Amino acid sequence: MLTFTIIVWYYKLSSASSYTPVTDTYTTMNGATAGTTTAVTKTKVLSSLATGTYNAYAIAYDVAGNSRQSST
């Protein structure tokens, strides 16, 4: 299980060539404070986007810097 400290959300209009990152920080990376040690579900609302179909994924990092990428 990955206990996250930072989640970077990536999104792009399906016709765009590159993703835009949005970062949420929950606990300082490599800090003295431990992150959550239980399974947690997080969601992100992206507002003020142009109309269209989007692709999105997220990468979650734990306090040690290990990461896991979502499938969508």
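Which residues does Thr25 touch, not counting residues up to four places away in sequence? In this predicted model, Thr25 touches Thr5 and Ile6 under that condition. Thr25 lies in strand β2. The C-alpha atoms of Thr25 and Ile6 are separated by 4.5 Å, although the two residues are 19 apart along the chain. Thr25 is exposed, with a relative accessible area of 54%; the cut-off for that class is over 50%.

Tyr26 is placed in the loop between β2 (20–25) and β3 (54–62). Between the C-alpha atoms of Tyr26 and Thr5 the separation is 5.0 Å, and these residues are 21 apart along the chain. The relative accessible area of Tyr26 is 33%, so Tyr26 counts as partly exposed.

The overall composition is as follows. The protein has four strands and zero helices, and its elements run β-β-β-β from the N terminus on. Of the 72 residues in the protein, 25% are buried. Among contacts between residues at least 6 apart in sequence, 59% join residues that are at least 24 apart. The accessible surface comes to about 4,900 Å², and carbon and sulfur atoms account for 49% of that surface.

Confidence was examined for the whole protein and for its elements. The mean pLDDT of the protein is 84, and 78% of the residues reach 70 or more. Confidence is lowest in β1, where the mean is 90, and highest in β2, where the mean is 94. Where pLDDT is low, the predicted coordinates should not be read in detail.

Aromatic side chains were considered next. A pair of aromatic rings is described by the distance of the centres and the angle of the planes. The count of aromatic pairs comes to three. One of them is formed by Tyr10 and Tyr57, with 4.8 Å from centre to centre and 15° between the planes, and this pair is stacked. The pair links distant parts of the chain, since Tyr10 is in strand β1 (residues 4–13) and Tyr57 is in strand β3, 47 residues apart. Tyr10 has a relative accessible area of 18% and is therefore buried, the limit for that class being under 20%.

A further pair consists of Tyr11 and Tyr54. The ring centres of Tyr11 and Tyr54 are 6.4 Å apart and their planes stand at 50°, so the pair is tilted. Tyr11 is buried, at a relative accessible area of 16%, whereas Tyr54 is partly exposed, at 28%.

Ring pairs also link Tyr10, Tyr19 and Tyr57 into a cluster. The ring of Tyr19 has a charged neighbour: Lys12 lies over the face of Tyr19, at 5.5 Å from the ring centre.

Charged side chains were then examined for pairing. Side chains of opposite charge can pair when their charged atoms come close. The structure holds one salt bridge. In this salt bridge the side chains of Lys44 and Asp24 meet at 3.1 Å, N to O. Lys44 is partly exposed, at 31% relative accessibility. Asp24, by contrast, is buried, because its relative accessibility is 18%.

The loop between β2 and β3 also contains Ser48. Most residues other than glycine have a negative phi. In Ser48, a residue other than glycine, phi is positive, with a value near 60°. Ser48 counts as exposed because its relative accessibility is 79%.

Notes:
Residues numbered from 1 in each chain as written. Predicted model: local features only at pLDDT ≥ 70, side-chain atom pairs only at ≥ 80, totals over all residues. Heavy atoms only, no water. Helix = DSSP H or I, 4+ residues; strand = E, 2+ residues; numbered from the N terminus. Buried < 20%, exposed > 50% of the residue type's maximum accessible area, 1.4 Å probe, protein only. Contact = heavy atoms within 4.5 Å. Areas by Shrake-Rupley, 256 points an atom, 1.4 Å probe, with all protein chains shown as cover. Phe/Tyr/Trp six-rings, centres within 6.5 Å; stacked < 30°, edge-to-face > 60°. Lys NZ or Arg CZ within 6 Å of the ring centre and 35° of its normal. Salt bridge = Lys/Arg side-chain N within 4 Å of Asp/Glu carboxyl O. pLDDT = per-residue confidence, 0-100.
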